[in-house]
Amino acid sequence: MLRFTARLPKGVEDTSPNTHTYRDAPFLHTSTKQVLAANSWLPEETTTTKPMNLYSAINDAMQIALRTDETSIILGEDVAFGGVFRCTMGLHDEFGDARVFNTPLCEQAIIGFSIGYAAMGHKVVAEVQFADYVFPAFDQIVNEAAKYRYRSASIYDVGGLTIRMPCGGVGHGALYHSQSPEAFFAHAASGLTVVVPRSPLQAKGLLLSAIRRKDPVLFLEPKILYRASVEHVPVDDFEIPIGQAEIIKPGNDLTIIGYGTQLYHISRAVEIAEKEFGISCEIIDLRTIIPWDKATLAASVNKTGRAIVCHEASKNNGIGAELAAELSKECFLNLEAPIQRVTGWDTPIPLSFERFIIPDVARIYNSIKNVMKY
Amino acid sequence: MNVLIRLTKSTLAYPGAEKSLITPQLVFNDPTTLPVISTFRILSPTGALVDNNHSLTITSEKIVDLYKHMVTLHTLDTIMYDAQRQGRLSFYMTSSGEEAVSVASGAILEKHDQIFAQYREQGAFLARGLSVQDIMNQLYANSNDHGKGRNMPIHHVNKAINLHPISSPLATQIPHAVGAAYALKLTKPNQACSICYVGEGACSEGDFHAGLNIAATRECPVIFFVRNNGYAISTASKEQYKGDGIASRGPGYGIVTIRIDGNDLLAVYEATKAARDLAVKENRPVLIEAMTYRRSHHSTSDDSFAYRSKHEVDAWKRHDNPISRIRKYMQRPDINIWSDELEEKFRKATKKDILKCLQIAERTKKPPLSEIFTDVYFDNGGKELQPHLKEQKEELDEILAQYRSWYHLEDYKA
């Protein structure tokens, strides 16, 4: 497996609308004041925030999780020295080798072991080094983790299990350092929860919820955001509810649904399209892939009458298919155009052509144009 | 440490194998030249002790107790196999020929020990205290089944004996047992272990490798109990592996290992007990390979005479089986803890009890249909179903309301 860190796409001098930084997205919080004003649901005692990137926010969440539950452990390949993406920095030193440790290089061992540990009523955060390498553990996740509670009739469960994995394109990850496998799990694993955060604040709150949720959770971390996405994050313990989508920008003419990295491209495309077409778009962060928040999405699409679903994963049987089918049913009488999908192509991810695989600003902008013209 | 200094010695300095001696000989390690691992046996098929001075920790009362479990298991198997043949049960798997393996190993477990089973270990559950009625309710998937009637027969789960839910995918339970053992090591140090049952066929799965390796590196108190009965459905063990059985793999993972005679109740009991002591006291995984013979068909869906001779099976039945072996010992004049009269009386009573449990289980209704949707996610006893599951439950309710007579709803609890 390769070791590399996420970095911004090259081409700083490139001023095309398709090039943007991950730091200036409008939904990122730039100050304590803004965090508190925009997140009234935060616990009252929240007063202090500090700037974190995505990996520090994840690290912070795990540190809190280990401090607040003494049975919780962290394991995976290379997590003891801090992890290949720095997410577990300092945790081995603080909590010791019994609670933060390296495993042999074997994904089915990591997940199988974690299932057994969680079945004892404890919490465990397992790391799969890249989402591309989760497939050796597919059997353990789908046949075992997801069904443990059901087949035990709740006598046993593995609710304490959280599986973290870096996912998504990074500009040069090619076939096996770029994948977004959420749809495999959304379909095959009734009983499993799948979550993708979009930013440091979201990552911390959702990961703490995931760790404390009474169901096994697959937590997908868009690795291009590890360093690139920075915002103010409350330093205290807080949770963001799982199973709820979030309207990150209200609007009336079109609903655009995405998750993870896509929200950055969507925000940029919307900014341009709104200026050019004089429309207002509602942007929704799905956040939880399964069980997904149909109520919030349907209410939005019933209001706007138009919808676009974006994801990096390929199109055929992707999450977009599920969302489009259900929203067509829920919103049939209010729809003014077919629901659009802007997704990765149905190909593996080729190194030299990665920029043409990602559903970028241009493709989302074009989709907005088409759906508004329809 | 100075590498140059170490290079002057006769051992290797590379971190991957520090104790390896350096040799000028170009010699391959040929497994066919290694001695075959011996099999630990206390009691021979004739009922005689291999070594008369062998000190047993098992008491006479315990032997009788375990013998009764073996006979109960065998009787249960005979009755349920026939019940399946009569179409009264969807599926069954007997433990025929492996009664000593499961009963004696289950009997040494203690209060906090965790059981991760494959499926041919009902004897262990009986020895741990699972009642025949509990077993029967599971087989009939009725409303008293702890698993709410969701699983195929034999796929038990029971909190009282720390039996984790059996699942059909083979070997997946191996790393589970290791993770549970690690939890025990942290929360109940030097008090408990987990035991993982697995057949020799399942040991070819990747999860066997995964589980044994991580058990060794994390130093977990777990007993890997392999039932090597010669067949995985139709596949004979010679098509399953080329090495010296499963036991020879243990040392490769740095795991203490023993091969035992699985038809010898005393050997299984004493070896598993010693293995448990080792695992619990030293936080070490232990591998036990119990050699035995699968006398029965693989399951009720299998006719084993399609791939092995009846003659071969009959020979095992006649010449050596775990029940008659220990019975010969128990009825030896110098031991004299069992008799033909006790045998007849016990068998008769057991058969009667089992048939009664069967009738009760058969007459008990299936769980209510609402249980289709519960326990998929944590749902607070069905009170907080996920919205999509609630929607799907309502859809089914509507169908049932409209098409009541198209279904056999009378079989299910309201």
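Predicted model: local features only at pLDDT ≥ 70, side-chain atom pairs only at ≥ 80, totals over all residues.

Select helix H11 of chain A, residues 294-304, and colour its buried residues, which are A:Lys294, A:Leu297, A:Ala298, A:Ser300, A:Val301 and A:Thr304. If you look down the axis of H11(A), these buried residues fall within an arc of 165°, and therefore they line one face of the helix. An α-helix has 3.6 residues a turn, so residues three or four places apart point the same way.

Next, show what covers those buried residues: from chain A the cover includes strands E10 (254-258), E11 (281-285) and E13 (307-314) as well as helix H12 (319-331), while chain B contributes helix H13 (387-402). Just after H11(A), select A:Gly305, which takes a positive phi of about 80°.

Now display both chains, where 46 residues of chain A are in contact with 46 residues of chain B, and where the area buried between the two is about 3,600 Å², with 62% of it given by carbon and sulfur atoms. On the side of chain A, select A:Tyr150, A:Arg151 and A:Tyr156, which lose the most area to chain B and together make up 20% of what that side buries.

The two chains are also joined by 2 salt bridges; to see a salt bridge, select B:Arg218 and A:Asp97, whose side chains meet at 3.4 Å, N to O. Finally, select H4(A), which gives 7 residues, the largest share of the side of chain A that touches chain B.

Notes:
Residues numbered from 1 in each chain as written. Chains lettered and ligands numbered in written order. Heavy atoms only, no water. Buried < 20%, exposed > 50% of the residue type's maximum accessible area, 1.4 Å probe, protein only. Helix = DSSP H or I, 4+ residues; strand = E, 2+ residues; numbered from the N terminus. Arc of directions from axis to C-beta. Contact = heavy atoms within 4.5 Å. Buried area = accessible area lost by both parts, 1.4 Å probe. Salt bridge = Lys/Arg side-chain N within 4 Å of Asp/Glu carboxyl O.
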